[in-house]
Amino acid sequence: MITLDRLVNVLAGSGARLAGGARERDVMLRSLVVHDPTDPRTATGDVFLAVGVDSTAEAVDLAGSARAAVVLVRAPAPLEPAISATAEHAGIAVVLADPEVSWSHLTGLAYGLVLEGRETESGRGPTDLFALADTLAAALRDSSVVIEDQLSRVLAYSSSDDVVDTVRSQTILGRRLPDRVRELFAERGVFRHLAASDEPLFVEPSAAHGFGGRMVIAVRAGRELLGSLWVETAVPFDAARRRVLEDGARTAALHLLRSRASADLERQVESDLVTHLIEGIGDAPAMISQLGLPRHGLRVVALQAHVEDEQHAGVLLAFEHVTTGFGWSRPGRSALFAHTVYTLLPAGDDTVEAARDWLAAVRGGLPAHVGLVAGIGGPAEAALLPASRREADECLALHAARPELPPVAYDESWDRIVLRRLRAVTAAGRMPERGPVAELQRHDRRHGTHHVATLRAWLAAHGDIGAAATALDVHPNTVRYRLRKMDEATPLATDHPDQRLALIIALAAMDEDPIP
């Protein structure tokens, strides 16, 4: 079963909108019925698909007869007030789909979500994996079973608790394998075995870690490792139980592939819309509306994640995490582009703290061994999101250079961004090679003078000799002497404002990026 919120959010990617009615978005949907004008019998279901019904009023009446919680009808928006009032009185949510969208497409999505969709705490993942875990536990003589993904996060576990060690309890409560046990398994070569072999492996117990013995087997589709299946046992399995474990791994792979197909469809719809927005392609207000985001006050947040020895695993894990949940349960909408996750995040009161709080929540939801760097673009309306994306990319580059610092936000670091762009121009050979700053730099290298440092201090002090001398820790007469010598080496023309500005820019372009 799924929620109305999830149904509406997924259908929004195909041009459907929740237009009216009196239903909470967390109402559960367990069944579905399609209108059939040739069948006089009244069928009932939580979701009523008004196929072939041209009138929205008729569709609402038919949904009422079917005792439905929501009706899906192809009709232009907005919903007429009288029909909305009727639907509200009957407790029916009305979802209007664009008339150009085919019923075959809408029906396929609705069937897949309502009849085959499964919800877990995170909003994704098949609950039938829990049934599989229980079935395997019984077939393996009431052993405790845990099914994990490829990064040791819990997907499902059996309800049998005859033998439960400390690690199993911690794994289930924490939703992932504890880091200290993961390190132990890495040392023992368990993960190398799972990556390379389909054979079951017995993992010896460790009393120091509160860990009993385990049989583990890879859950794989072709060559791709999808996860692993763990069974608590004090001794290695015999041939018969090994066959049961191998069959269970193949069945788990089918469940995970089906779940991935459903989740990937939803993510793809969202990712395509976000990608078009940050690249400036298409009707921005319409796409923003499809995503359920405000048209103004959005930020683009760019983040990258990495896991040692696991290429692409970090960014894929981050993308899965930020796209977990549906509809209004998530503040932003995301896309995976190259090696970066881009998220459109409502700016709220236009401070960067909300974005940093969101990034902190993302960081907290990832395993400790995943590294994360991020950049926060400035607030923008829908049409200016490409500019916010460029800002986020540049802030990401700054944070990658100093990952120990908080994520970089454009609002607070625009000056560093400007200087970074100047340095890029310099690196491309587009700065003058025979200007005053270049000449002074060559003079310093040849004669051991301090002309560049003196010029920088004097300009920073706005021509105040005393302040420049203090900054350089020299006598003011030394500064005066150096200025005269600099003017002899190359004409500075410091009495011209434009040339003073050009000197400041040239000096900034040759500097390394400072720590803020």
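Predicted model: local features only at pLDDT ≥ 70, side-chain atom pairs only at ≥ 80, totals over all residues.
Hi everyone. A helix here is a DSSP run of H or I with at least four residues, and helices are numbered from the N terminus.

Let's start with helix 10, which covers residues 284-291. Which of its residues are buried? They are Ala284, Met287, Ile288, Gln290 and Leu291. Looking down the axis of helix 10, these buried residues fall within an arc of 160°, so they line one face of the helix.

Next, please turn to helix 17, residues 465-472, and helix 18, residues 476-489. Their axes come within 8 Å and cross at roughly 100°. Helix 17 and helix 18 are therefore roughly perpendicular to each other. Who makes the contact? On the helix 17 side, Ile465, Ala468, Ala469 and Leu472 take part; helix 18 brings Pro476, Val479, Arg480, Arg482 and Leu483.

Last stop: a hairpin. Strand 8, residues 145-149, and strand 9, residues 154-157, run antiparallel and are joined by three bridges. In one of these pairings, glutamate 148 has valine 154 of strand 9 as its bridge partner. Between the two strands sit four residues, and in this hairpin serine 152 takes a positive phi near 65°.

How values were computed: Residues numbered from 1 in each chain as written. Heavy atoms only, no water. Buried < 20%, exposed > 50% of the residue type's maximum accessible area, 1.4 Å probe, protein only. Arc of directions from axis to C-beta. Axes fitted to C-alpha atoms, helices over the stretch in contact; angles between N-to-C directions. Parallel < 35°, antiparallel > 145°, perpendicular 65-115°, else oblique. Contact = heavy atoms within 4.5 Å. Pairing = 2+ DSSP bridges.
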